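Hello,

Here is the structure I promised to pass on. Please open it and keep it beside this email as you read.

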Amino acid sequence: MKKVSRNQSFKFKALKFGLINLLAVSFLWILITFTITQCQAQATAPRSLLALSKSDHILAIIDPVTLKVIARVPVGSDPHEVIASADGKMAYVSIYGGGSLHELSVVDLIAQKALPAIDTRPLMGPHGLTFAVGKVWFSAEGAKAVGRYDPATGKFDWAMGTGQDRTHMIYVTDDGKKVYTTNVTSATVSFLVDSLVKPTGPPGGFAPPARRNWVQTVIPVAKGSEGFDVSPDGRELWTAGADEGAISIIDIAAKKVTATIDAKVVGANRLKFTPDGKRVLVTSLRTGDLFIFDAVSHQELKRLNTGHGAAGILIDDDGSRAFIGCTGDNYVAVIDLNKLEVTGHIDIRGADGLAWAVRR
C-alpha cells in the first residue's frame with residue numbers, strides 16, 4: 001500500500017478545514033437572513049387601514065399611525081371594494097370585472113395571507129360590500145341583485161333582486177333589517193326592508209305560520225348616482241350623481257327625495273359623512289377633487305384637488321383625517337380635516353377601495 005505523502009495530508013486537512021468554515025459561514029448567513037426577515041415581517045396592528053391596489057391585485061395592510069405598508073396580500077384580478085369582519089380578523093374583497101366576475105377574495109389579516117376565494121355564482125359582478133350581523137352583504141351588479149354570505153356556515157343564505165341596472169353600492173343597518181343600494185344606470189336607490197308577515201286563514205280555519213318578507217321601494221335620484229352614505233343619526237341618505245353633479249337627499253322615514261343640491265360634483269364617485277354628521281365628503285373621478293359640504297346648510301365649504309381619479313373615501317373615527325384613493329396617481333391621499341389640506345400620500349398602485357380593520 002502506498003503511503004500518503006505529507007504534502008497530500010496537508011492538502012486534505014486544509015480542504016476539510018475549508019469545508020467546515022464554509023458550512024459555518026453558510027449557517028450563520030441563513031440565521032442572519034431569517035432574523036432580518038422576521039424583523040421585517042410586522043404584525044398587523046390592532047387597528048389597520050386596508051387599501052386595494054387595482055393595478056397590482058393586492059390588499060395592502062397599513063399602519064394608520066406611521067402610514068407604512070406592513071403587508072401586501074394577493075387578491076383576485078379586479079378588486080374594487082373591501083370590508084373587514086366585525087372582529088377585525090378577516091377581510092373580504094369584491095372581484096368585480098364590470099359585472100362579469102363572480103368572486104370574493106378572502107384574507108386572513110392576522111396571518112397576512114390569502115384564503116380560498118368564495119364563488120358568488122349565480123350572483124355575478126360583486127361590488128359594494130358591508131359586514132353586519134356577522135355576515136358579508138354585497139351587491140351583485142351583473143345579477144341586478146344583492147346577496148348575503150354567512151362565514152359561519154360557508155353558505156349564501158339570502159339574496160334579493162332589484163330589477164334595476166348597475167346595482168352597485170350597499171348599506172345595511174346594524175340589525176340587518178334594511179338594505180339600501182344605488183342603481184347607477186337606472187338612476188335610483190332601492191330600499192329593501194325586512195318585515196314579518198302574519199297570514200290569516202278563514203274564521204276557525206288553519207292560519208299559516210308567520211314568515212319573513214322583503215319589500216322594495218325604488219326612489220328616483222340624480223343620474224349616475226353611485227356613491228352614497230347614511231347620516232350618523234340614520235335620518236337621511238345622500239347620494240351624488242356623476243352625470244350632472246347633483247346631490248339627492250332622501251328622507252329615510254318618508255322614503256322620498258326631499259332636497260336636491262346643485263353641487264356640481266361632476267364625475268362624483270364616493271360620498272361619506274364625517275362621524276359627527278356635520279360634513280359630507282364627495283370625490284370626483286373626473287376632476288380629482290374632494291368636495292366638502294356642510295350637512296345642514298348644504299353649502300360647499302372647501303374643494304381640494306387630491307390627484308387624478310379620486311375614488312374611495314375613508315375617515316378616521318375622530319374625524320381628524322380622511323383617506324382618498326387616487327387611482328390615476330397610484331396613491332392614497334391623506335387629508336387633514338381640521339386644516340382642510342393634503343398632508344401626505346401612501347403609495348398604492350391603482351388605489352381604490354378602503355376600509356378599517358379593528359381587532360376585537
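This is a predicted model: local features need pLDDT of at least 70, side-chain atom pairs count only at pLDDT 80 or more; totals for chains, interfaces and linings use all residues.

**Loops**

Start at Pro122. A cis peptide bond joins Arg121 to Pro122. Omega there is about 10 degrees. Pro122 sits in the loop between β7 (113–119) and β8 (126–132).

Next, look at His57. Its phi is near 60 degrees, a positive value in a residue other than glycine. His57 belongs to the loop between β1 (47–53) and β2 (58–62).

Find Ala187 in the loop between β13 (178–183) and β14 (188–197). Is Ala187 buried or exposed? Its relative accessibility is 13%, so Ala187 counts as buried. The cut-off for buried is under 20%.

**A sheet**

Now move to an open sheet of 4 strands. The order is β24-β25-β26-β27, and the pairing is antiparallel. Which strands stand at the edges? They are β24 (310–315) and β27 (341–347). Each has a single partner strand, so one side of each is left without a neighbour in the sheet. From one strand to the next, the twist averages 25 degrees.

Strands of a sheet pair through backbone hydrogen bonds. Here, β25 (residues 321–326) and β26 (residues 331–336) pair in the antiparallel sense over 6 bridges. Ile324 stands opposite Ala333 in β26.

Best wishes

Conventions:
Residues are numbered from 1 along each chain as its sequence is written. Side-chain values use heavy atoms; hydrogens and water are left out. Helices (H or I, at least four residues) and strands (E, at least two) are DSSP runs, numbered from the N terminus. Buried means under 20% relative accessible area, exposed over 50%, partly exposed in between (1.4 Å probe, protein chains only). Two strands pair if DSSP finds at least two bridges between them. Axes are lines fitted to C-alpha atoms, for helices over the stretch in contact, and angles run from 0 to 180 degrees between N-to-C directions.
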